[in-house]
Amino acid sequence: MAPKVYAPAMRIAALIAALALAAPLSARAQSTPPNRPAAPAPATAAPIRPVGTMSELMVHVIRPTSDAVFYITSRTPSTSEEWTTLQAQTLMLAESANLLLLPAHARNRAQWIADTRLMLDAGKKAFEAAKAKDVAALEALNDALYQSCVTCHEHFRPGYGKRPGH
Ligand code: HEC
C-alpha cells in the first residue's frame with residue numbers, strides 16, 4: 001500500500017530535484033563571463049529557414065552579382081551611386097558563399113566547403129576592390145571568380161559541361 005501512496009510524491013520530488021539541478025546550470029550559462037568561450041549553442045537556437053532553392057540562388061543572386069564583376073570593363077561605374085551599387089553587389093556575392101554553407105544547401109561536406117571557399121575569397125576581394133573603386137583589381141579577380149564557379153559546377157552541378165554557359 002505504502003509505495004502506491006508515496007510513488008507520485010516521489011516522482012514529484014525527483015522532478016523538483018531535476019529542476020533544481022537544471023536551474024543553476026542555465027543560470028551559470030547566462031552569467032558566463034565574456035572572456036570565457038560560451039558553450040556551443042543548441043541546434044534550436046538559430047532558426048535558419050532557407051527561402052530560395054539552390055537554382056534560385058544561382059539565377060537571382062549569384063549570377064547577376066558575379067556578372068557585375070565579369071563585365072567590369074564594359075560596365076565600369078562612373079558615378080558614386082553606381083559604385084555603391086557595385087559595392088552592394090560584390091558584398092551580396094561574397095555573402096552568398098556563406099549562404100551556400102547552410103545545412104539545407106551544403107552537399108558532400110569537405111569538397112563543398114572547399115568550393116564555396118573559393119567563391120568567398122574571390123567575392124570578399126571583389127567587395128574590397130569595389131570599396132576602393134579599383135577597376136584594375138576587379139578585372140584581375142575575374143579569373144579566380146570564374147574558376148570558383150567552374151570548380152563547384154564540375155563537382156556538383158548536374159549535367160555540367162553538357163550544355164553551354166557557366
Ligand atoms: C559551392 C558550389 C557552387 C558555386 C561556388 C557556384 N555554383 Fe552555381 N550551381 C551550383 C549547383 C549545385 C547548381 C545546380 C543547381 C540546381 O540545378 O539545383 C548550380 C547552378 C548554377 C546555375 C544554373 C541555375 C539554373 O537552374 O538554371 C547558374 C547560372 C550558376 N550556377 C551560376 C554560378 C556562378 C556565376 C557562380 C560563380 C560566381 C556559381 N554558380 C558558383 C553550385 C555552385
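**Exercise 1.** Determine which helices each supply at least two residues of the shell around the ligand.

*Solution.* Begin with helices taken as DSSP runs (H or I, at least four residues), numbered from the N terminus; those that qualify are helix 2 (54-70), helix 4 (109-131) and helix 6 (142-156). Helix 2 gives the largest share, 7 residues. Next, a residue counts as near if its C-beta atom, placed from the backbone, lies within 6 Å of the molecule; of the 20 residues around the ligand, Ser 55, Met 58, Ser 66, Cys 149 and Cys 152 come nearest.

Residues are numbered from 1 along each chain as its sequence is written.

**Exercise 2.** Describe how helix 2 and helix 3 cross.

*Solution.* First, the axes, which are lines fitted to C-alpha atoms over the stretch in contact, with angles from 0 to 180 degrees between N-to-C directions, come within 9 Å for helix 2 and helix 3 (residues 80-99) and cross at roughly 135°. The two helices are therefore oblique to each other, since angles under 35 degrees count as roughly parallel, over 145 as roughly antiparallel, 65 to 115 as roughly perpendicular and the rest as oblique.

**Exercise 3.** Judge how far the chain can be read by confidence.

*Solution.* The protein chain averages a pLDDT of 81, and 70% of the residues score at least 70. Over residues 1-32, however, the pLDDT is below 50. Where pLDDT is low, the predicted coordinates should not be read in detail.

Technical notes. This is a predicted model: local features need pLDDT of at least 70, side-chain atom pairs count only at pLDDT 80 or more; totals for chains, interfaces and linings use all residues. pLDDT is the predictor's confidence in each residue, from 0 to 100. Two residues are in contact if their C-beta atoms, placed from the backbone, lie within 7 Å.
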